[in-house]
Amino acid sequence: MNDSAFHYVDGALHVEGVPAASLAEQFGTPLYVYSRDALTRAYRAYADACAGRKATVHVAVKANSNLAVLNVFARLGAGFDIVSSGELARVLAAGGKASNTVFSGVGKSAAEMREALEAGVKCFNVESIPELHALNEVAKSLGKKAPVSLRVNPDVDAKTHPYISTGLKSNKFGVAFGDARATYREAHDMANLDVVGIDCHIGSQITEVSPYLDAVDKLLDLVEQIESDGMSIRHVDVGGGLGITYDDETPPDIGDFVRTLLAHFEERGHGQREVYFEPGRSLVGNAGVLLTRVEYLKPGEEKNFAIVDAAMNDLARPAMYEAFHRIVPVIERKASARLYDVVGPVCESGDWLGRDRELAVEQGDLLAILSAGAYGFVMSSNYNTRARAAEIMVDGERARAVREREEVKQLFAGESILPD
Ligand code: LLP
């Protein structure tokens, strides 16, 4: 939790200058609440550490794609990392620039390539030889040259959850390290491609710097080979992945992480090389919480359950990855605490948000699920025909709805029944 943005005043949780309880009263629950200050400070930690170097930050839109969140970053001068034409549309609607946007992803369609080329994205992070051919064809049909970087799979162990580790040989991502040099030659020979960079993304929620240093070493070895083959590589994109504290993890400080990586480029004699970062979680994760109300308490022989109004459709991470999110009371109670499983109303045993949590709660109380700003709302669904939560941005003493709560009628507005 970002201490100054989310804090208690006389036992009441505040988001910046606003009591969380008043947000729940005004906007209802479940409710995603973001702090503009926390977003800004996380971005600045990256940007300040990049100052004076040819290094740029591309916010990974997938972690939180709310227009107001993207707009906060766009105003700070951020670039963006997208994985679909939908995300490109969001970046443009939020005031971001295509010319400062990189397009990642393993399965870009020809239509998406066309849209991105027409918009003028800065670089396509290409993941396979067939994708190179497809992009070359699309660029040719538009009479353009597509700027490309190859996502190379450096085969390093990011030491994170298997579902979010992406840099191993066994993952679907990137061009195999051993094939990369030849693939670069192939790309170089395609008339409508312009080779500009190299990239990798080794995983997410990484709490050590060493896997990055290993990846950078492997990428720079390749850069040296590719350049000796007569091509020039302008930038090295190290991907995203820096972890955050959900529980007791101790990831490196953002500034230290960036400085360590940039120093490593220098040590390797690549201090002038342009470096791209693609952070998601570390920018938004601890800038958001999910507020939820306790509907019922259900004590049991083996377990006590606190049944809340948020569910796996609102925050999928616990059900999907057994991810831990701290759960705290919005108003602290003096009463003695009991152990609860905090669960939602969805009809699945997997619908839990926290297990064995020590909480002093009563029916009707509000709880805050912390570290919910990344991969929270964006992964929510309408399972059980549940309308998705509203999203709020707090800025000092002010709070503004940045996404309205869905209404049930919207959920089946595009459906129809057979005429006979
Ligand atoms: N760049 C690329 C190419 C990526 O695939 C990702 C995330 C990022 C950047 C941003 O990584 P970050 O800094 O956020 O770690 N839903 C999972 C996380 C999936 C991450 C996928 N790729 C979760 O909730 O933990």
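A helix is a DSSP run of H or I with at least four residues, and helices are numbered from the N terminus. The structure is a predicted model, and its secondary structure comprises twelve helices and 21 strands. The points below begin with the whole protein and then turn to its core and to particular elements and residues.

**Overall form**

- The C-alpha trace spans about 70 × 65 × 40 Å along the principal axes of the protein.
- Buried residues make up 54% of the 420 residues of the protein.
- Among the contacts with a separation of 6 or more, 69% are between residues 24 or more positions apart.

**The largest nonpolar core**

- In soluble globular proteins, nonpolar side chains tend to be buried together.
- The largest nonpolar core of this protein contains 119 residues, and those with the most contacts inside it are Phe 73, Phe 124, Ile 198, Phe 277 and Leu 291.
- Helix 8 (residues 210-228) supplies the largest share of this core, namely eight residues.
- Domain 1 (6-35 + 285-411) and domain 2 (105-277) each contribute at least three residues to this core.
- Which residues does Phe 124 contact, leaving aside its neighbours within four places in sequence? They are Phe 103, Lys 108, Met 113, Ala 116, Leu 117, Leu 135, Ala 146, Pro 147, Val 148 and Ser 149.

- An open sheet is formed by three strands in the order 1-2-3, with antiparallel pairing.
- Strand 1 (6-9) and strand 3 (18-19) are the edge strands; each has a single partner strand, so one side of each lacks a neighbour in the sheet.
- Strand 2 (residues 12-15) and strand 3 run antiparallel and are joined by two bridges.
- Val 15 lies opposite Val 18, which belongs to strand 3.

- An α-helix has 3.6 residues a turn, so residues three or four places apart point the same way.
- The buried residues in helix 1 (residues 20-27) are Ala 20, Leu 23 and Ala 24.
- Viewed down the axis of helix 1, these buried residues fall within an arc of 100°, so they line one face of the helix.
- Glu 25 and Gln 26, on the other side of helix 1, are exposed.
- Pro 30 is located in the loop between helix 1 and strand 4 (31-35).
- The peptide bond between Thr 29 and Pro 30 is cis, with an omega of about -10°.

- Five bridges pair strand 20 (residues 390-395) with strand 21 (residues 398-403) in the antiparallel sense.
- Met 393 has Arg 400, in strand 21, as its bridge partner.
- Two residues lie between the strands of this hairpin, and Gly 396 in the hairpin has a positive phi near 70°.

**Positive phi in residues other than glycine**

- Gln 205 is not a glycine, yet its phi is positive, near 55°.
- Gln 205 is in the loop between strand 11 (193-199) and helix 8.
- Is Gln 205 buried or exposed? Its relative accessibility is 12%, so Gln 205 counts as buried.
- Thr 385, also not a glycine, has a positive phi of about 45°.
- Thr 385 belongs to the loop between strand 19 (366-369) and strand 20.
- With a relative accessible area of 49%, Thr 385 is partly exposed, because a residue counts as exposed when this value is over 50%.

- His 264 is part of helix 9 (residues 254-267), and its relative accessible area of 13% makes it buried.
- Apart from residues up to four places away in sequence, His 264 touches Leu 213, Val 216 and Asp 217.
- Phe 265 is also found in helix 9, and at 0% relative accessibility Phe 265 counts as buried.
- Leaving out residues up to four places away in sequence, Phe 265 touches Arg 53, Val 216, Leu 220, Val 236, Val 238, His 270, Gly 271, Arg 273 and Val 275.
- Phe 265 and Asp 81 are separated by 184 residues in sequence and, C-alpha to C-alpha, by 22 Å in space.

How values were computed
Residues numbered from 1 in each chain as written. Predicted model: local features only at pLDDT ≥ 70, side-chain atom pairs only at ≥ 80, totals over all residues. Heavy atoms only, no water. Core = buried A, V, L, I, M, F, W, Y, C linked by side-chain atoms within 4.5 Å. Buried < 20%, exposed > 50% of the residue type's maximum accessible area, 1.4 Å probe, protein only. Domains from an automatic or database assignment. Contact = heavy atoms within 4.5 Å. Pairing = 2+ DSSP bridges. Arc of directions from axis to C-beta.
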